[in-house]
Amino acid sequence: MTPHMISHLPNHDRVAVRRFTANHRPPCRMMVHDHATIALFLEGTSTFWMQGHYELGTGDVLLVPAGTPHHNVEVRGVRSLGLSLCLSCLPDAPGQELSELFDAVRKGACARRQLQPGEPEELEALILRLEQELQTPAPGRKLAVDALMTLLTVMLLRASEAPRSEQRTGASLLVAKALRFVDLHALEGISLSDVARHVARSPAHLAALVKDETGETVGGWIMRARMTQCRQLLIHTDETIERIADRCGFASPSHFHRAFKKMHQMTPGQWRHAYRT
């Protein structure tokens, strides 16, 4: 079953808050996200599959890395809060620490974190405050969001990793290693061959494996990683479009224009103006 790509950062924001409620057995549709996800379970229980089954309940936190296939097997009276994150768009302090947490899950660590008594309510309050800040264009909003993300990251770092009996398959670990390489080297003009060489597999074998597990091609993941960096440079620097195209590994500014417009339905210059405004 090929996973379906779903993004909860449609406007390419760095953080988004989602609410989820369900009390039924949903269709077992496999999906992947092009962003990291944190889910806090407030009520109910859920059987969740992500390279193994998880039984989740009130107070549990689930970490879902970008590109990792997953689906709900069954939900029973679930109410949860979710955070969708562009990790490379966050400040260095929380961004790096969160990246390491998600990398560990990619490599086979347990995705479920357990909070101490009273901490689920504290984390819920942080996420709701974050949602409020994101919805209100008040002075100092960026500082407030960064501060809340830092506090949230500290809570996750201190949460204990739940025990887990099932192990991830070798194929899944290989895909995780490939996607991590893409994250780190996407701006260097890498290709499928470079990624395949890194994981010691043939390009054809890796291409089929990544497509089968994530529903996206290796080239597609490389482009998504490049575009994440491009958007940050467009917003946070005054570098020219030509300079950004060069830094992000595009063959020419015209190639960058075409690729950016295909993904965002506007040119880099239009996107910069819209989001800076």
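Trainee: What is the relative accessible area of Arg247, and is this residue buried, exposed or partly exposed?

Mentor: Arg247 has a relative accessible area of 36%, so it counts as partly exposed. The cut-offs are these: buried is under 20%, exposed is over 50%, and partly exposed is in between, with a 1.4 Å probe and protein chains only. Before going on, note that this is a predicted model, where local features need pLDDT of at least 70, side-chain atom pairs need pLDDT 80 or more, and totals for chains, interfaces and linings use all residues. Residues are numbered from 1 along each chain as its sequence is written, and side-chain values use heavy atoms, without hydrogens and water.

Now look at the partner. Arg247 forms a salt bridge with Glu239, with 2.5 Å between the closest N and O atoms. A salt bridge needs a side-chain nitrogen of Lys or Arg within 4 Å of a carboxyl oxygen of Asp or Glu. The count by this rule is 17.

Move along the chain to the rings. Two rings of Phe, Tyr or Trp (its six-membered ring) pair if their centres lie within 6.5 Å; planes under 30 degrees apart are stacked, over 60 edge-to-face, and the rest tilted. The whole structure holds 3 aromatic pairs. One of them joins Phe250 and Phe256: it is tilted, with 5.0 Å between centres and 40° between planes. Phe250 is buried at 6% relative accessibility. Phe256 is buried too, at 0%.

Next come Phe260 and Trp271. Their ring centres are 6.2 Å apart and their planes stand at 80°, so this pair is edge-to-face. Phe260 sits in helix 9 (residues 253-264) and Trp271 in helix 10 (residues 268-276), so the contact ties together parts 11 residues apart in sequence. Helices here are DSSP runs of H or I with at least four residues, numbered from the N terminus; strands are runs of E with at least two. Phe260 is buried, at 0% relative accessibility. Trp271 is buried as well, at 1%.

Phe250, Phe256, Phe260 and Trp271 are linked by ring pairs into a cluster.

Arg226 lies over the face of Phe250, 5.5 Å from the ring centre. The rule asks for NZ of Lys or CZ of Arg within 6 Å of the ring centre and within 35 degrees of the ring normal.
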